[in-house]
Amino acid sequence: MSWTLERLRDPASCERLIRETNRFIQFAYTRENTIARRSYVYEFTEIETFAFALQCPGGTATRHLPGFTANEFPPSLMALSLEVADRLSLKRGRVLFNVGRYFEHCGPIVPHFDGELFDYEIEPGIRNHVHSGIRPREVAILTLRDETSTGGTRLHDASGGIVSPPVQVGDLLRFDNVLYQHGVPDPERATGARGDESMPARFIRYTLGWRALDENCFDWRGDEPLRPIEIEEAIGLHERFLREQWPHQSATDVARGTFPFPEARA
């Protein structure tokens with residue numbers, strides 16, 4: 001599978017999911033949850049990006065690792081996440097649930113691979129270099145709103161080729177996170193979009209994303225070849241990071257965050 005596109009939700013459902021997600025961010029994106037590694041600080045651009053570890057599909061093997069449980073997560077978002085996890089062929093472990101809220105002309109997202117980053121260097125808007133981490137085999141992105149003229153996710157292969165899947169609101173894009181880097185052009189509002197009305201939408205593009213944290217992943221070490229790992233080894237890598245590195249790194253990460261985050265007008 002290089003990439004697939006399928007309709008997952010209708011536009012009205014997508015707007016309801018936006019409201020549910022905004023409420024969850026208000027509840028879950030806190031200093032305490034970031035220190036606990038249940039929420040992440042990914043604020044390297046003007047784009048509002050949030051990420052949360054989620055116990056989905058779950059299981060005893062990863063229960064001790066950070067993650068929001070079903071009783072802490074909105075039912076509609078949990079049902080959606082379980083549906084996506086099934087499409088990603090995940091039977092146990094956790095996923096990273098991420099949210100992208102885009103303003104007009106908030107800048108592009110440069111091509112990158114997704115993954116759990118342990119030791120890394122980031123030059124905002126230029127490049128990410130991963131010294132160690134875990135890279136999932138697949139990534140899934142659901143578009144809940146798109147009022148742009150520039151469109152959404154672009155897939156970039158190693159030869160310089162670019163694929164622009166014809167994503168519509170409600171579509172789930174799944175793609176190979178080994179074959180493709182992915183990025184997003186600087187969003188510009190399309191003529192005649194809802195934002196031309198007297199009360200323009202604050203976010204002209206809104207996406208949800210999922211990727212495995214434990215199952216169906218690779219050991220990721222800079223430019224070395226990726227090495228497939230079983231879930232048990234992935235768990236061990238997470239445990240070592242949380243024990244040896246995170247206590248020293250967490251203060252730097254938390255210092256970049258804004259807590260509490262202002263309530264969103266979608």
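This is a predicted model: local features need pLDDT of at least 70, side-chain atom pairs count only at pLDDT 80 or more; totals for chains, interfaces and linings use all residues.
Trainee: Happy to start with the open sheet of four strands: which are its edge strands?

Mentor: Good place to begin! The strand order is β5-β12-β9-β10, with antiparallel pairing. An edge strand pairs on one side only, and that holds for β5 (109-112) and β10 (162-163). So the edge strands are β5 and β10.

Trainee: Which residue in β12 stands opposite I109?

Mentor: β5 and β12 (residues 181-184) pair in the antiparallel sense over two bridges. Within β12, the residue opposite I109 is V184.

Trainee: How many disulfides does a search of the whole structure find?

Mentor: Let's check C14, which is buried at 0% relative accessibility. Its closest cysteine sulfur is in C56, 18 Å away and therefore too far for a bond. C106 is in no disulfide either, as the nearest cysteine sulfur, that of C14, is 19 Å away. The search of the whole structure gives a count of zero.

Trainee: How many residues apart in sequence are the parts that R92 and E232 tie together?

Mentor: R92 and E232 form a salt bridge, with the closest N and O atoms 3.2 Å apart. R92 lies in the loop between α3 (75-87) and β4 (93-102), whereas E232 is in helix α4 (residues 231-256), so the parts they tie together are apart in sequence by 140 residues.

Trainee: And are D114 and R211 buried or exposed?

Mentor: Their salt bridge has its closest N and O atoms 3.3 Å apart. D114 lies in the loop between β5 and β6 (116-123), and R211 in strand β13 (residues 205-212). Both residues are buried.

Conventions
Residues are numbered from 1 along each chain as its sequence is written. Side-chain values use heavy atoms; hydrogens and water are left out. A disulfide is a pair of cysteine sulfur atoms within 2.5 Å. Buried means under 20% relative accessible area, exposed over 50%, partly exposed in between (1.4 Å probe, protein chains only). A salt bridge is a side-chain nitrogen of Lys or Arg within 4 Å of a carboxyl oxygen of Asp or Glu.
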